[in-house]
Amino acid sequence: MSASSSIAMAPHMKSDRETPKLHPRPRFANVPFDPVRLPFFYGTVVLVCGTLGVLASAPGQTVGVSVFTDFLIEAHQLSRSWISFAYLAGTIASALLITRAGRWYDRLGGRWVSAFSAAMLALVLTGMSFSAEIAESVAAMLPDDSRDHASFAVLCLGFFGMRFFGQGMLTLSSRNMVLEWFEQRRGMALAFIGIAVAFGFSVTPAFFEWLIQKGGWSWAWQSIAVIVALFSLLALCLGRSRPEDHGLVPDGSFAKKNRKTHAETLSGRQFTLSEARRTYSFWVFTFSVVLSGFLLTSFAFHVVSIFADAGMQRSQAVAIFVPAACVSVVVEFVGSWLSDFVKLKYLAMVQLVGLMTLSLSLSFLDIRGAVVFAVLGMGLMQGMFGIISAVTWPRFYGRTHLGAISGFSTSIVVAGTAVGPYLFSVTHDQWGSYRAATLLCAIAALVLFAAAFRADRPQ
């Protein structure tokens, strides 16, 4: 079926030809109800469900884990460096398996993978709430003076589970499930997710801290596990993997009315992962996202130290995230809307301009007005990050192998976010400042900006 004919088709028309050959209609796709019988486009329900799934991944994101760091240090009697190294090891290990998780997504669909991921994340959080007791039990079976080694091993395993099932599988499956249901309006769907997640993640630390103060850090993790488990049940009931599984088409009734969508947003060739990796655009967009994640996590991890080198206080360092988040929300909303009508390479260029602006501002933060440019650069980079990292893969390479392709790219991004803070630390130890690292990021962004001019959708 051609792209034009599938768009012209009525949104609720049932046809076996609408279902991709690699994805026959699953046996339990319509349990407990069939979306085709509802009087509205079911993609709106999937949009809400997928957004909640991304929010449910917060306990496995850095923003959620960081609240518990000091309590883990005290409970396990390990130094901050060892806790950080356990977090690094768990993150790298999870990155190695995310591509495999993407293939599971392609085989099983977003509904089942997101429900399973949430259930496993809830189980891991429960285990982490008893991590000190588990470490003591393991140490009792080992030779004397093995308590620190047992604690480190338990935390590595726990962080792996939180990062793999939270940041990795749950985020990937929930977001991709939404992108399956929208094509011409994919940008607006992503804008909804981006704004909800931006505000949701911004209140996550405060909410987790409130739980800790109310019942302790172990009780807080157990309470969060219950919330995540409830989402797992919600995903089973309301989540749906692909519109074609129910005789529907992406975008619903909008698909037959829209005549102004840019040709790049319409269905094209369905690439496999190996075919996608052989294209020029795949690596330009992947490295753009990797570099943004690398710089953002490095800056967030060392923000107090970076500002201290410029003669500024801790309060000034922490305060930068609020205005940057406001800029990011506006940029993501406008950029998501534009992504339905313009080529993605232009949005990637805007992201790289933001990256260069932030890098150069941090390199010369002691100059008057540099903080303002840092806020603007960070807002531009963060706002475009969510768009580029999500919209690119289904638009450029199709939905048939979306999980494998996006999972492979995500694995590289996760590895970059794990390594970034460590490399920034090495730079500071060697030269007494972060300038060498930030200038290198600016140069890399300039190279990618030039490369982006040829980063069109592969044919």
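Student: Is Ser411 buried or exposed, and what is its relative accessible area?
Tutor: Buried means under 20% relative accessible area, exposed over 50% and partly exposed in between (1.4 Å probe, protein chains only). Ser411 is under the 20% limit, so it counts as buried. Its relative accessible area is 8%.

Student: What kind of model is this, and at which pLDDT do side-chain atom pairs count?
Tutor: Residues are numbered from 1 along each chain as its sequence is written, and side-chain values use heavy atoms, leaving out hydrogens and water. The model is predicted: totals for chains, interfaces and linings use all residues, local features need pLDDT of at least 70, and side-chain atom pairs count only at pLDDT 80 or more.

Student: Which residue has a side chain joined to that of Ser411 by a polar contact of 3.4 Å?
Tutor: A polar contact pairs N or O atoms within 3.5 Å; within protein, one must be able to donate a hydrogen and the other to accept it, and residues adjacent in sequence count only if both atoms are side-chain atoms. A polar atom of the Ser411 side chain also lies 2.5 Å from the backbone oxygen of Phe408. Contact means heavy atoms within 4.5 Å, and beyond four places in sequence Ser411 touches Ala95, Ile98 and Thr99. The side-chain partner at 3.4 Å is Thr99.

Student: Which tryptophans does Phe68 contact, leaving aside neighbours within four places in sequence?
Tutor: The contacts of Phe68 include Phe208, Ile212, Ala220 and Ile224. They also include two tryptophans, Trp217 and Trp221.

Student: Why is the pair Trp217 and Trp221 called edge-to-face?
Tutor: Rings of Phe, Tyr and Trp (its six-membered ring) pair if their centres lie within 6.5 Å; planes under 30 degrees apart are stacked, over 60 edge-to-face, the rest tilted. By this rule there are 29 aromatic pairs. Trp217 and Trp221 have centres 5.8 Å apart, and they are edge-to-face because their planes stand at 75 degrees.

Student: How many residues apart in helix 10 are Trp217 and Trp221?
Tutor: Both Trp217 and Trp221 are buried. About one helical turn separates them, because their spacing in helix 10 is four residues.

Student: How far apart in sequence are the parts tied together by Trp283 and Phe408?
Tutor: This pair is edge-to-face too, with 6.1 Å between centres and 85 degrees between planes. Trp283 is partly exposed at 27%, while Phe408 is buried at 16%. Trp283 lies in helix 13 and Phe408 in helix 18, so the pair links parts separated in sequence by 125 residues.

Student: What distance from the ring centre of Tyr280 does Arg454 have?
Tutor: A charge sits over a ring if NZ of Lys or CZ of Arg is within 6 Å of the ring centre and within 35 degrees of the ring normal. Arg111 lies over the face of Trp112, at 4.7 Å. Arg454 lies over the face of Tyr280, at 4.5 Å.

Technical notes: Helix = DSSP H or I, 4+ residues; strand = E, 2+ residues; numbered from the N terminus.
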